[in-house]
Amino acid sequence: MIPILDGMNSENAQFKGPRKPFFRNIVRKIFIDDWAIKLTALLITFGLWFGVTGLSTPSTTRVIVPLTLNLSSNTEVMNTPQQDVEIVLTGDKRRLDLIKRNDLVAMLDLRDVPPGDRIVSLTPDNISISLPQGVSLVEVLPNRIPINLEAVEEKDVPVRVQTGGVPGPGHELYLSSSMPLKIRVRGPASFIRKLDFIDTDLIDIKGKSADFTAKQVPVSVSNPKASVQNTVVDVYFRIGEKREERSFLTPVSDESGRMASFTIYGPRTMVSQAHAESFKVTMIKNESGEDTPQLTLPPELQGIIEIKKLQVR
């Protein structure tokens with residue numbers, strides 16, 4: 001029995017003998033071989049982990065930023081809304097510190113808000129602001145603001161010509177006319193509905209004695225929330241000799257023996273040189289079948305002289 005046992009011990013001794021060097025080789029390969037390279041890799045890994053997690057300190061900051069309104073094209077704000085808001089941001093402290101606060105603008109979306117007096121909530125859901133990745137908007141203060149929205153309308157409005165000075169001696173302004181005569185104006189409904197005209201800038205007619213056209217004259221409206229389709233117009237001026245009135249009495253051109261009295265109005269020289277016999281008064285039937293006097297001017301006065309107070313006695 002002893003030889004057998006000695007044989008087994010001998011075999012175990014042969015088996016166990018080479019295992020110690022094997023484990024030693026494993027340990028050596030893991031911890032000793034190329035230790036400088038492995039230590040460098042370990043340091044790099046630790047540095048990356050520390051940079052990602054060790055310095056990513058959660059932080060919160062408050063910033064005052066301008067508030068702008070994003071409106072639909074068919075509404076206008078009538079009150080003076082909040083100009084600035086305080087926003088609360090949270091995220092990595094390093095990223096928060098890199099934010100340029102002067103570049104931040106909070107935009108409130110009002111495109112779906114109907115006209116009227118409203119109290120609008122300010123939340124991270126309806127406030128848009130450009131933030132770096134890893135930074136979040138968590139609160140807006142104040143969280144409610146009053147807004148008065150009004151519908152926008154358009155209308156074609158006559159142009160009213162504004163003049164300064166007086167024409168030259170013995171002359172006067174007969175008429176002024178803008179081209180175009182009307183301009184389309186767009187603005188809040190309450191303003192557009194009451195707008196009867198749009199003024200030109202002041203046009204100087206001092207010393208003028210003949211017709212002329214002022215080119216590219218600016219026009220404007222008093223309401224800063226309204227806009228004009230055309231910002232300039234051309235204005236035609238008709239200037240001539242001062243006008244006066246003169247009355248005449250002449251027989252009617254029939255055999256009734258009746259007399260017609262009338263007054264003409266026009267340039268002084270033409271009116272003073274006119275003669276009663278140059279005018280012809282006839283009786284015509286109007287739409288009701290009644291006799292009505294009609295005055296015919298001499299050719300040289302047509303388009304220049306106005307007829308006033310035509311009566312038949």
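Author: What follows is an account of the backbone, with some background on the chain. This is a predicted model, in which local features need pLDDT of at least 70 and side-chain atom pairs count only at pLDDT 80 or more, while totals for chains, interfaces and linings use all residues. Residues are numbered from 1 along each chain as its sequence is written, and side-chain values use heavy atoms, with hydrogens and water left out.

Confidence comes before geometry. The score used is pLDDT, the predictor's confidence in each residue, from 0 to 100. The protein chain has a mean pLDDT of 87, and 84% of its residues reach 70 or more. Its confidence is highest in strand 13 (residues 203-204), at 98, and lowest in helix 1 (residues 2-16), at a mean of 47. Where pLDDT is low, the predicted coordinates should not be read in detail.

The chain has 6 helices and 21 strands. These are DSSP runs, numbered from the N terminus: helices are H or I with at least four residues, strands E with at least two. Among contacts with a separation of 6 or more, 68% join residues 24 or more positions apart. Of the 313 residues, 28% count as buried, meaning under 20% relative accessible area, where exposed is over 50% and partly exposed lies in between (1.4 Å probe, protein chains only).

Now the backbone itself. Most residues other than glycine have a negative phi, and most peptide bonds are trans. Against that background, the peptide bond from Leu-141 to Pro-142 is cis, with omega near 0°. Pro-142 sits in the loop between strand 7 (135-141) and strand 8 (144-160). Another cis peptide bond runs from Met-179 to Pro-180, with omega near 5°. Pro-180 is in the loop that lies between strand 10 (171-179) and strand 11 (182-188).

Positive phi values also occur in residues other than glycine. Gln-216, in strand 14 (residues 212-220), has a phi near 50°. Lys-309 is not a glycine either, yet its phi is positive, at about 55°. Lys-309 belongs to strand 21 (residues 306-312), and its relative accessible area of 60% makes this residue exposed.

Note on methods. Contact = heavy atoms within 4.5 Å.
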